[in-house]
Amino acid sequence: MSENTAFYAALENQFLTYEELAAVPVEDNGEAMVAIGDGFSGKVFITDRRMTAYTGENIYVRSGLVPMLERAQQELKSILPGCSLEVVYGYRHLDIQNAKFEAHKERLLKEDPTLSGTALKEAVHRFSAVPEVAGHPTGGAVDVRIKDSSDEKLPMGTEVAEYAMDTYTFSPFIAKEAWRNRQLLRCCMLRAGFAPFDGEWWHFSFGDREWAKYYNQPKAIYSQLRFTSEDATGEALTGAAAA
């Protein structure tokens with residue numbers, strides 16, 4: 001095992017497993033799904049155009065996330081006044097989460113046909129969360145990055161959703177500037193109350209299983225949803241929206 005591989009493996013050992021997340025109880029609080037809009041002074045940009053079939057030209061999240069995102073934006077502004085937080089993903093429909101999971105499963109099975117059962121789920125989970133425990137389909141997870149005053153992305157070592165181990169937040173094999181930018185983003189999001197997923201420097205959540213586990217909460221408060229913009233009323237969710 002090379003030194004780099006050993007270091008990545010050590011980082012992976014700190015990530016929550018599928019079984020750990022599956023063991024977290026969930027009791028959805030019914031919080032509404034809303035489009036990120038006037039309550040957030042940062043930027044919004046849709047990177048996954050597949051989601052427009054479900055939510056149009058908006059990014060939706062649970063309503064409680066909007067003031068938290070604004071707080072993270074203001075934390076960032078207090079440190080880098082010319083920069084802004086940009087949200088590139090929020091709610092992900094379960095159809096898309098399932099497709100991502102199945103694509104990674106197929107790839108891994110080609111590499112190792114002996115994988116099966118829980119071992120297979122755990123292996124795929126490293127690259128794409130098992131749908132029933134994934135954060136994005138709850139409306140409680142966001143993918144974010146930082147833009148400067150010229151609307152250029154601050155270097156982070158990789159792109160959002162890039163398939164590389166250097167997406168791990170604490171990878172030591174990226175440039176110092178990118179490392180500092182990652183830690184700045186992480187700091188701002190944690191100050192706002194989000195939980196990090198350190199396997200992806202851009203991914204943060206509130207209310208889902210990852211958040212509950214990170215902050216030692218007794219249960220998650222957001223469950224998986226099958227939501228489209230046609231369901232958006234700004235009011236509390238009913239059982240019909242649940243997966």
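This is a predicted model: local features need pLDDT of at least 70, side-chain atom pairs count only at pLDDT 80 or more; totals for chains, interfaces and linings use all residues.

Author: A cavity here is a set of grid points where a 1.4 Å probe fits but cannot get out, and a residue counts as lining if it has an atom within 4 Å of such a point.

Reader: What makes a space a pocket and not a cavity?

Author: A pocket is an open set of points, whereas from a cavity the probe cannot get out. The largest pocket has a volume of about 820 Å³, and of its 41 lining residues the closest to the centre are Phe127, Ser128, Phe197, Glu200 and Trp202. Its lining comprises 16 nonpolar, 11 polar and 14 charged residues, with the largest share, 3 residues, coming from α5. The second largest pocket holds about 200 Å³ of space; Phe15, Phe197 and Tyr214 are among the residues that line it, and α8 gives the largest share of that lining, 3 residues.

Reader: Why is the pair of Tyr8 and Tyr168 called edge-to-face?

Author: By the pairing rule the count comes to 13 aromatic pairs. For Tyr8 and Tyr168 the ring centres are 5.9 Å apart and the planes stand at 85 degrees; since centres within 6.5 Å make a pair and planes over 60 degrees apart count as edge-to-face, the label follows. Tyr8 lies in helix α1 (residues 3-12) and Tyr168 in the loop between β5 and α7 (176-191), so the pair ties together parts that are 160 residues apart in sequence. Both Tyr8 and Tyr168 are buried, and they belong to one aromatic cluster together with Phe7, Phe15, Phe173 and Phe197.

Reader: What makes Tyr91 and Phe227 an edge-to-face pair, and how do you know whether Tyr91 is buried or exposed?

Author: The ring centres of Tyr91 and Phe227 are 5.7 Å apart with planes at 85 degrees, so this pair is edge-to-face. The pair links distant parts of the chain, with Tyr91 in the loop between β4 (84-89) and α5 and Phe227 in the segment after α8, 136 residues apart. Buried means under 20% relative accessible area; Tyr91 has 2% and is therefore buried, and Phe227, at 1%, counts as buried too.

Reader: How do you know that Arg92 lies over the face of Tyr89?

Author: The rule asks for CZ of Arg within 6 Å of the ring centre and within 35 degrees of the ring normal. Arg92 is at 4.3 Å from the ring centre of Tyr89 and lies over its face. Arg107 likewise lies over the face of Phe127, at 4.8 Å from the ring centre.

Reader: Which residues touch the most other members of the largest nonpolar core?

Author: Of the 38 residues in that core, they are Leu69, Leu85, Val142, Leu185, Met189 and Phe194. The elements giving two or more residues are α4 (65-79), β4, β5, α7 and α8, and α4 gives the most, with 6 residues.

How values were computed
Residues are numbered from 1 along each chain as its sequence is written. Side-chain values use heavy atoms; hydrogens and water are left out. On a 1 Å grid over the protein atoms alone, a cavity is a set of points where a 1.4 Å probe fits but cannot get out, and a pocket is an open set with protein on both sides within 12 Å along at least five of seven lines; lining residues have an atom within 4 Å of a point. Grid points are joined across faces, edges and corners, and a volume is the space filled by probe spheres set on the points. Helices (H or I, at least four residues) and strands (E, at least two) are DSSP runs, numbered from the N terminus. Ala, Val, Leu, Ile, Met, Phe, Trp, Tyr, Cys and Pro count as nonpolar, Asp, Glu, Lys and Arg as charged, and the others, Gly among them, as polar. Rings of Phe, Tyr and Trp (its six-membered ring) pair if their centres lie within 6.5 Å; planes under 30 degrees apart count as stacked, over 60 as edge-to-face and the rest as tilted. Buried means under 20% relative accessible area, exposed over 50%, partly exposed in between (1.4 Å probe, protein chains only). A nonpolar core is a set of buried Ala, Val, Leu, Ile, Met, Phe, Trp, Tyr and Cys residues joined through side-chain atoms within 4.5 Å.
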